[in-house]
Amino acid sequence: MAHMLERIALIDETWLKTNMARRTGWAPRGERLVDHAPFGHWHTQTFVAALRHHRLAAPWVLDGTMNRKRFDVYVETQLAPTLQKGDVVILNNLSSHKSPRARLRCCVSEGHGSCSCRHIRRI
């Protein structure tokens, strides 16, 4: 059973909005607080990766939010080259993850044969 864990890849993403950085804070009495916000362009940064039981695979950071077109690019350029025959890719129920093109690319990745894609529902 433990050897089967190596075949599972859970795709997950998170994001950061740089305009949510705090603009107020505490400073010693009589001194002005000086600080900066990272990536001060006030946009969204998205990080997506495949989580495996022993490593993080296919990490990708993009400027902006995830949509179906960007997810297709992620699968083609980052995820598919890391997949092997028999891998199981687990996706959450996000609409951009339900791309038929991405599913096909996962299942026929670089001639490695087939793998399966599963969607999970949040509880």
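Modeller: Start with confidence, since this is a predicted model. In the chain, strand β3 has the highest confidence, at a mean of 93. Confidence is lowest in strand β5, residues 116–120, where the mean is 63. For the chain, the mean pLDDT is 80. Of its residues, 80% reach 70 or more.

Now to the rings. How many aromatic pairs does a search of the whole structure find? It finds two.

Take tryptophan 60 and tyrosine 74. Their ring centres are 5.8 Å apart, with 25° between the planes. This pair is stacked. Tryptophan 60 sits in strand β3, and tyrosine 74 sits in helix α1. They are 14 residues apart, and the pair links distant parts of the chain.

Is tyrosine 74 buried or exposed? Its relative accessibility is 0%, so tyrosine 74 counts as buried. The cut-off for buried is under 20%.

The other pair joins phenylalanine 71 to tyrosine 74. The centres of these rings lie 6.1 Å apart. The planes meet at 35°, so this pair is tilted. A stacked pair needs planes under 30 degrees apart. Both phenylalanine 71 and tyrosine 74 belong to helix α1. They are three residues apart, about one turn of the helix. An α-helix has 3.6 residues a turn, so residues three or four places apart point the same way. Phenylalanine 71 is buried, and so is tyrosine 74.

Next, look at helix α1 itself. At its start, a side-chain oxygen of asparagine 67 comes to within 3.3 Å of the backbone nitrogen of lysine 69. Which residues of α1 are buried? They are Phe71, Asp72, Tyr74, Val75 and Leu79. Seen down the helix axis, these buried residues fall within an arc of 160°, so they line one face of α1.

Finally, the core. The largest nonpolar core has 16 residues. Those that touch the most other members are Ile11, Ala50, Phe71, Tyr74, Val75, Leu79 and Val89. Helix α1 gives the most, with four residues.

Notes. Residues numbered from 1 in each chain as written. Heavy atoms only, no water. Core = buried A, V, L, I, M, F, W, Y, C linked by side-chain atoms within 4.5 Å. Buried < 20%, exposed > 50% of the residue type's maximum accessible area, 1.4 Å probe, protein only. Helix = DSSP H or I, 4+ residues; strand = E, 2+ residues; numbered from the N terminus. Phe/Tyr/Trp six-rings, centres within 6.5 Å; stacked < 30°, edge-to-face > 60°. Arc of directions from axis to C-beta. Polar contact = N/O pair within 3.5 Å; in protein donor to acceptor, adjacent residues only side chain to side chain. pLDDT = per-residue confidence, 0-100.
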